[in-house]
Amino acid sequence: MAYVITQPCIGTNDESCVEVCPVDCIHSDRDSEMCFIDSEGCIDCGACVDACPVSAIYPEWAVPPQWRPFIEINARFYTG
Ligand code: SF4
Ligand code: SF4
């Protein structure tokens, strides 16, 4: 299990979550409009959830139905 970043991050992408993640598993790049969580590194601490100003982050099991595709979108950032 891991946490997942979803739609509301797009256009916000302020990286508040990056600053609080204790294992540095949240990343973005120049071509992306959002950040992505590396499920391999995430320790499910939940710190990023409280830091996000737009409530974009959910544990995988709780991702709202319309944003389920973001589970794959986060994973693809790391697997290519
Ligand atoms: S739940 Fe914790 S470990 Fe996982 S991405 Fe968020 S801050 Fe990082
Ligand atoms: S804190 Fe929220 S809006 Fe900001 S980069 Fe992280 S997920 Fe995106």
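Is Gly 41 buried, partly exposed or exposed? Gly 41 is partly exposed, at 27% relative accessible area. The cut-offs are under 20% for buried, over 50% for exposed, and partly exposed in between (1.4 Å probe, protein chains only).

This is a predicted model: local features need pLDDT of at least 70, side-chain atom pairs count only at pLDDT 80 or more, and totals for chains, interfaces and linings use all residues. Residues are numbered from 1 along each chain as its sequence is written, chains are lettered from A and ligands numbered from 1 in the order in which they are written, and side-chain values use heavy atoms, with hydrogens and water left out.

**Stop 1: Gly 41**

Stay on Gly 41. The loop here runs between strand 3 and helix 2 (47-51). Helices (H or I, at least four residues) and strands (E, at least two) are DSSP runs, numbered from the N terminus. Now show contacts, meaning heavy atoms within 4.5 Å. Not counting residues up to four places away in sequence, Gly 41 touches Val 23 and Cys 25. Then pick Gln 7: from Gly 41 the C-alpha to C-alpha distance is 21 Å, across 34 residues of sequence.

**Stop 2**

Ala, Val, Leu, Ile, Met, Phe, Trp, Tyr, Cys and Pro count as nonpolar, Asp, Glu, Lys and Arg as charged, and the others, Gly among them, as polar.

Ile 73 belongs to helix 3 (residues 69-79). Ile 73 counts as partly exposed because its relative accessibility is 25%.

**Stop 3: ligand 2**

Move to ligand 2. Its surroundings hold 13 residues, the closest being Cys 9, Asp 14, Glu 15, Cys 17 and Cys 52. The shell of ligand 2 divides into eight nonpolar, three polar and two charged residues.

**Stop 4: Thr 6**

Next, select Thr 6, in the loop between strand 1 (3-5) and helix 1 (16-20). Why is Thr 6 counted as buried? Its relative accessibility is 0%, so Thr 6 falls in the buried class. Look for a polar contact (a pair of N or O atoms within 3.5 Å; within protein, one must be able to donate a hydrogen and the other to accept it, and residues adjacent in sequence count only if both atoms are side-chain atoms). The side chain of Thr 6 reaches the backbone oxygen of Ala 56 at 2.7 Å. Leaving aside neighbours within four places in sequence, Thr 6 is in contact with Met 34, Ala 56, Tyr 58, Val 63, Trp 67 and Phe 70.

**Stop 5: Ser 32 and Asn 13**

Go to Ser 32, in the loop between strand 2 (26-27) and strand 3 (36-37). Its side chain makes a polar contact of 2.8 Å with that of Asp 29. Beyond four places in sequence, Ser 32 is in contact with Asn 13 and Phe 77.

Click through to Asn 13, in the loop between strand 1 and helix 1. Asn 13 is not a glycine, yet has a positive phi of about 40 degrees. Asn 13 is partly exposed, at 21% relative accessibility.

**Stop 6: Asp 24**

Finish at Asp 24, found in the loop between helix 1 and strand 2. Asp 24 has a positive phi of about 55 degrees although it is not a glycine. Asp 24 is partly exposed, with a relative accessible area of 48%.

Methods:
A residue is near a molecule or strand if one of its heavy atoms lies within 4 Å of it.
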